[in-house]
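Please keep the viewer open as you read.

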Amino acid sequence: AGAYAVAEELLALAAGAGDGAITLGSHYAAGLSLFFLGDYGPAYDHLQAAIRLYDPVRHRHLTHVFSYDPGTMAYQY
């Protein structure tokens, strides 16, 4: 569960940073990691948190940074 351990670190860093985009990405990373580990309940919770934080106008720059839109991707999973 190495990817999820990194996602947990990202979540902790995001909590201290107070940046919505970082928190959005951290929840997406945690949700995706848990999804592929087959831990669907907690994955759903993290992906729902990412969706709640997502604002297509404020976060449109993330598509250019990551080459994908984390809000849209969270909806897909």
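From the N terminus on, the elements run α-α-α-α-α. That makes five helices and zero strands in the protein, where helices (H or I, at least four residues) and strands (E, at least two) are DSSP runs, numbered from the N terminus. This is a predicted model, in which local features need pLDDT of at least 70 and side-chain atom pairs count only at pLDDT 80 or more, while totals for chains, interfaces and linings use all residues. Residues are numbered from 1 along each chain as its sequence is written, and side-chain values use heavy atoms, with hydrogens and water left out.

**Overall picture**

Of the 77 residues of the protein, 36% count as buried. Here buried means under 20% relative accessible area, exposed means over 50%, and partly exposed is in between (1.4 Å probe, protein chains only). The accessible surface of the protein comes to about 4600 Å², and carbon and sulfur atoms hold 60% of that. These areas come from the Shrake-Rupley method with a 1.4 Å probe, and for residues only the protein chains shown count as cover. Among the contacts (heavy atoms within 4.5 Å) with a separation of 6 or more, 48% join residues 24 or more positions apart.

Helix α1 spans residues 2–17 and includes Leu13. Ala7 is found in helix α1 too, and Ala7 is buried, at a relative accessible area of 1%. Which residues does Ala7 touch, not counting residues up to four places away in sequence? They are Ala29, Ala30 and Ser33. For Ala7 and Ser33, the C-alpha to C-alpha distance is 7.7 Å, although they are 26 residues apart in sequence.

Leu13 is exposed, with a relative accessible area of 61%. Together with Val6 and Leu10, Leu13 makes a nonpolar surface patch of about 270 Å². Patches are made of residues with over 30% relative accessible area and no salt bridge, with like charges joined within 9 Å and nonpolar side chains (Val, Leu, Ile, Met, Phe, Trp, Tyr) within 5 Å. A salt bridge, in turn, is a side-chain nitrogen of Lys or Arg within 4 Å of a carboxyl oxygen of Asp or Glu. An α-helix has 3.6 residues a turn, so residues three or four places apart point the same way.

The 18 residues of α2 should span 26 Å at 1.5 Å a residue, and the end C-alpha atoms of α2 are 26 Å apart, which agrees. The expected span of a helix is 1.5 Å times one less than its number of residues. Buried residues of α2 include Leu24, His27, Tyr28, Ala30 and Ser33. After α2 comes Gly38, whose phi is positive, near 85 degrees.

Helix α3 (residues 40–53) has 14 residues that should span 20 Å, and its end C-alpha atoms are 20 Å apart, in agreement. In α3, the residues Ala43, His46, Leu47, Ala49, Ala50 and Ile51 are buried, and the buried residues of α3 pack against α1, α2 and α5.

His46 counts as buried at 14% relative accessibility. Leaving aside neighbours within four places in sequence, His46 is in contact with Tyr4, Leu11, His27, Ala30, Gly31 and Leu34. Ala50 is buried at 0% relative accessibility. With the neighbours within four places in sequence left aside, Ala50 is in contact with Leu24, His27, Tyr28 and Ala74. Ala50 and Gly25 are 7.2 Å apart, C-alpha to C-alpha, and 25 residues apart in sequence.

**Aromatic pairs**

Rings of Phe, Tyr and Trp (its six-membered ring) pair if their centres lie within 6.5 Å; planes under 30 degrees apart count as stacked, over 60 as edge-to-face and the rest as tilted. By this rule the count comes to four aromatic pairs. Two of them are tabulated here.

| Pair | Centre to centre | Angle between planes | Type |
|---|---|---|---|
| Phe35 and Tyr40 | 5.5 Å | 70 degrees | edge-to-face |
| Phe36 and Tyr77 | 5.8 Å | 70 degrees | edge-to-face |

Phe36 lies in helix α2 (residues 20–37) and Tyr77 in the segment after α5 (70–76), so this pair ties together parts that are 41 residues apart in sequence. Phe36 is exposed at 60% relative accessibility, whereas Tyr77 is partly exposed at 36%. In the other tabulated pair, Phe35 is partly exposed at 25% and Tyr40 is exposed at 53%. Phe35, Phe36, Tyr40 and Tyr77 form one aromatic cluster.
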